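Colleague: I would like to go through some helix packing and cavities, and hear the reasoning behind each label. Please show me the structure.

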There are 2 protein chains.
Amino acid sequence: MRHRGYAGVGMKDIAEASGAPIGSLYHHFRAGKVAIAREALRNAGAAYGLLIPTIIDAYTDLGEAVGGVFDQAAEDMEATGFANMCPVASVAAEVADTVEELRQATRDVFDGWIDGGTAYFVARGLDDRFARDLTVALIGALEGAFLLARALRTTEPLLAAGRTLAPQYRGIALARVSLPPTVGAES
Amino acid sequence: MRHRGYAGVGMKDIAEASGAPIGSLYHHFRAGKVAIAREALRNAGAAYGLLIPTIIDAYTDLGEAVGGVFDQAAEDMEATGFANMCPVASVAAEVADTVEELRQATRDVFDGWIDGGTAYFVARGLDDRFARDLTVALIGALEGAFLLARALRTTEPLLAAGRTLAPQYRGIALARVSLPPTVGAES
DNA sequence: GTCTATAGGACGATAGAC
DNA sequence: GTCTATCGTCCTATAGAC
């Protein structure tokens with residue numbers, strides 16, 4: 001679904017990919033396709049929520065950390081042949097104006113990432129409001145750079161975002177603490 | 001198409017919206033739906049290419065200019081009820097891995113915006129490479145913030161992006177020249 | 001609970017009268 | 001060039017045998 005979009009993937013595809021026949025899907029997800037998509041978004045959200053904090057955990061300087069996030073993203077993207085890096089973004093763009101129930105699911109995922117990231121940065125010693133702005137801007141810049149990189153098939157957008165965002169944070173220290181266990185785990 | 005996605009809009013919808021019957025569409029666009037989408041992307045790209053430069057043209061300080069872009073975007077978005085601000089982004093996300101021909105069309109649009117924006121900033125006195133990084137990062141940050149804002153139905157992502165990007169550019173002067181006539185006009 | 005068969009309708013595309 | 005009628009295929013969802 002991250003590759004073909006919500007409207008672009010059929011129940012037949014889901015059945016084929018999961019190995020189960022269509023009837024079984026409707027037995028477990030009585031609400032049909034929307035329910036499956038909702039679950040998929042929830043799962044993807046939980047799985048990816050810790051990704052940014054995990055990368056940043058290796059750094060003690062905020063500038064290097066931010067640069068590291070985009071460098072890592074660029075590397076991964078090139079290694080995977082510019083596949084879709086974020087399992088939520090393309091669906092979010094598609095359903096925001098059309099399937100209100102799924103829009104809410106994507107909102108919950110993003111809210112979870114923002115709250116989790118903010119809590120992580122606060123735990124690392126940053127001010128509340130600063131941590132939240134940074135998290136929101138970081139996720140936004142990443143999603144936008146992913147979009148451009150996939151369309152252009154170049155890592156330039158990711159590298160440019162890193163070069164643009166990182167320098168101003170050089171010299172801001174990140175306190176050395178380990179990942180809090182609950183960060184971003186739930187939406 | 002910006003609202004419902006490429007797969008989500010049918011030829012019937014296009015015919016209805018345009019007033020012409022389906023047969024006429026296939027007469028003018030022999031390649032069918034893909035050709036129509038390609039043209040729509042080209043048009044949207046040309047129409048929106050001058051948008052950022054137009055906003056920035058009112059400023060002489062780069063920091064205020066960048067802040068102004070995001071503030072303006074936030075205002076527009078709230079005023080339109082969080083409708084899709086960019087007619088290319090959602091389609092780009094959808095077709096990047098699926099319809100190669102349309103991926104190339106979105107690439108051409110983005111390339112045009114990047115080249116046009118870079119040329120604009122250079123005309124305003126910025127260094128080549130700096131201008132290009134700034135343009136790419138700006139477009140990326142905008143697209144990402146649009147995505148988050150539509151999902152969350154909040155202007156926070158746009159405002160946070162502005163607060164995060166703008167301050168480092170305060171004090172950098174933009175030379176006072178008018179818009180070059182060719183900027184971003186063609187892909 | 002699992003799975004097959006199929007309903008009912010929308011899809012992109014075409015044929016061909018005007 | 002314009003438009004209508006329709007093709008064949010695919011869709012989501014369901015019914016019902018096992």
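Predicted model: local features only at pLDDT ≥ 70, side-chain atom pairs only at ≥ 80, totals over all residues.

Colleague: Why are α5(B) and α8(B) called roughly parallel to each other?

Modeller: The axes of helix α5 (residues 62–79) of chain B and helix α8 (residues 128–152) of chain B cross at roughly 25°. Angles under 35 degrees count as roughly parallel, so the pair α5(B) and α8(B) takes that label. The two axes come within 11 Å, and their crossing is right-handed.

Colleague: Which residues in α5(B) and α8(B) meet?

Modeller: On the α5(B) side they are Leu62(B), Val66(B), Val69(B), Phe70(B), Ala73(B) and Met77(B). On the α8(B) side they include Phe130(B), Leu134(B), Phe146(B) and Arg150(B). By class, the contact of α5(B) with α8(B) has 13 nonpolar residues, no polar ones and one charged. Arg counts as charged, and Arg150(B) is among the residues of this contact.

Colleague: What makes α8(A) and α8(B) roughly perpendicular to each other?

Modeller: They pack at an angle of about 110°, with their axes 7 Å apart. The range for roughly perpendicular is 65 to 115 degrees, and α8(A) and α8(B) are therefore given that description.

Colleague: Which residues of α8(A) and α8(B) meet, and how do they divide by class?

Modeller: From α8(A) they include Val136(A), Ile139(A), Gly140(A), Glu143(A) and Leu147(A). From α8(B) they include Val136(B), Ile139(B), Gly140(B), Glu143(B) and Leu147(B). The contact of α8(A) with α8(B) has 12 nonpolar, four polar and two charged residues. Gly is classed as polar and Glu as charged; Gly140(A), Gly144(A), Gly140(B) and Gly144(B) are in this contact, as are Glu143(A) and Glu143(B).

Colleague: How does α8(A) pack with α7(B)?

Modeller: α8(A) and helix α7 (residues 100–123) of chain B pack at an angle of about 115°, with their axes 8 Å apart. The crossing of α8(A) and α7(B) is left-handed. The contact is made by residues including Leu148(A), Arg150(A) and Leu152(A) of α8(A) and Arg103(B), Arg107(B), Phe110(B) and Asp111(B) of α7(B). By class, that contact has six nonpolar, one polar and four charged residues.

Colleague: How many cavities of 30 Å³ or more does the structure hold?

Modeller: There are two. Of the 20 residues that line the largest cavity, the closest to its centre are Ala93(A), Leu147(A), Ala89(B), Ala93(B) and Leu147(B). The lining of the largest cavity has 10 nonpolar, six polar and four charged residues.

Colleague: Which elements each supply at least two residues of the lining of the largest cavity?

Modeller: They are α6 (89–95) and α8 (128–152) of chain A, together with α6 (89–95) and α8 of chain B.

Colleague: What is the volume of the second largest cavity, and which element gives the most to its lining?

Modeller: The second largest cavity has a volume of about 90 Å³. Of its 13 lining residues, the closest to the centre are Ala141(A), Leu165(A), Ala137(B), Ala141(B) and Leu165(B). α8(B) gives the most to that lining, with four residues. The lining of the second largest cavity divides into 11 nonpolar, two polar and no charged residues.

Definitions and conventions:
Residues numbered from 1 in each chain as written. Chains lettered and ligands numbered in written order. Heavy atoms only, no water. Axes fitted to C-alpha atoms, helices over the stretch in contact; angles between N-to-C directions. Parallel < 35°, antiparallel > 145°, perpendicular 65-115°, else oblique. Left-handed = near helix turned anticlockwise from the far one by under 90°. Contact = heavy atoms within 4.5 Å. 1 Å grid on protein atoms, 1.4 Å probe; cavity = no way out; pocket = protein on both sides within 12 Å on 5 of 7 lines; lining within 4 Å. Points joined across faces, edges and corners; volume = space filled by probe spheres on them.
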